Amino acid sequence: DYIISDFKVSRIPRNGFVETFYDQSANLRDAIQGTATNQPSIVQNGGIVKVNSKPAITFDGNDNFLEVDGSGSAVAYSFSPSGDMGMFIVSKQFTGNVVDSRDGAGDGIFLQQASANTTRFRYNGDGSIDITATRDAQHFSTMTLDGTTLSASVDGGTASTDTVTAGVSTTSNLVLGKAFSGNNSNFVDGEIQEAIFYENNKTSEKSDIETDIDNFYSIT
């Protein structure tokens, strides 16, 4: 669970960048960027970056990204659950891959702004769902796997489904802000505010989680 909280910024004309996006689950799966020029911003010109009055991390669409790489963080995390899963993301992007854990064979997951009006969810090579979502607008995106049923929705709308082969087998790391590890493309031009990952489908709690997200960020 990655969320922006508990920090203060002096009102001086400076910029601030994110080296570590801390995992709030206590599993130490922190998302890290050790290269200064590739770090996304959280402060610009002395002010906290915000979307809809809530703090955000902004990515420049060129070379900014965060990765749970297993060397800088205590635990490598490719987000490779053996069974059911749940993912909840709050973001605003013009282009790019918001989340990506795929490897060269296409195994893994991603969330992508695929076009001006489409958000694309992908699970391994056999599950792909497109949902209408305007680019450069704040949305919360949900993807769950229940057995072999992949479900995806935006802003708490009716979910679209696809039948997939269960079990992610990616060998790459979880990345926020661009395409999968080793592929320097599809960098996000936009903001990420929250990213929550579960190694179960959260079917019974999904509606409550989405309501809590919407109440906090006032998206719909």
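**Aromatic contacts in the predicted model**

The count of aromatic pairs comes to three. Keep in mind that this is a predicted model.

Start with F65 and F187. The ring centres are 6.3 Å apart and the planes meet at 50 degrees, so this pair is tilted; edge-to-face would need over 60 degrees and stacked under 30. In the chain, F65 sits in the loop between β9 (57-60) and β10 (66-67), while F187 sits in the loop between β18 (175-176) and β19 (189-198). The two are 122 residues apart, and the pair links distant parts of the chain. Buried or exposed, for F65 and F187? Both F65 and F187 are buried.

Next, F88 and Y198. This aromatic pair is edge-to-face, with 6.0 Å from centre to centre and 85 degrees between the planes. Here the partners come from strands: F88 lies in β11, residues 85-100, and Y198 lies in β19, so the pair ties together parts that are 110 residues apart in sequence. As for accessibility, F88 has a relative value of 1% and counts as buried, because the cut-off for buried is under 20%. Y198, with a relative accessible area of 23%, is partly exposed.

Now the charges. Which residue lies over the face of F216? That is K54, at 5.0 Å from the ring centre. R135 lies over the face of F94, and its distance from the ring centre is 4.4 Å.

To recap the pairs: F65 with F187 is tilted, and F88 with Y198 is edge-to-face.

Terms used:
Residues numbered from 1 in each chain as written. Predicted model: local features only at pLDDT ≥ 70, side-chain atom pairs only at ≥ 80, totals over all residues. Heavy atoms only, no water. Phe/Tyr/Trp six-rings, centres within 6.5 Å; stacked < 30°, edge-to-face > 60°. Helix = DSSP H or I, 4+ residues; strand = E, 2+ residues; numbered from the N terminus. Buried < 20%, exposed > 50% of the residue type's maximum accessible area, 1.4 Å probe, protein only. Lys NZ or Arg CZ within 6 Å of the ring centre and 35° of its normal.
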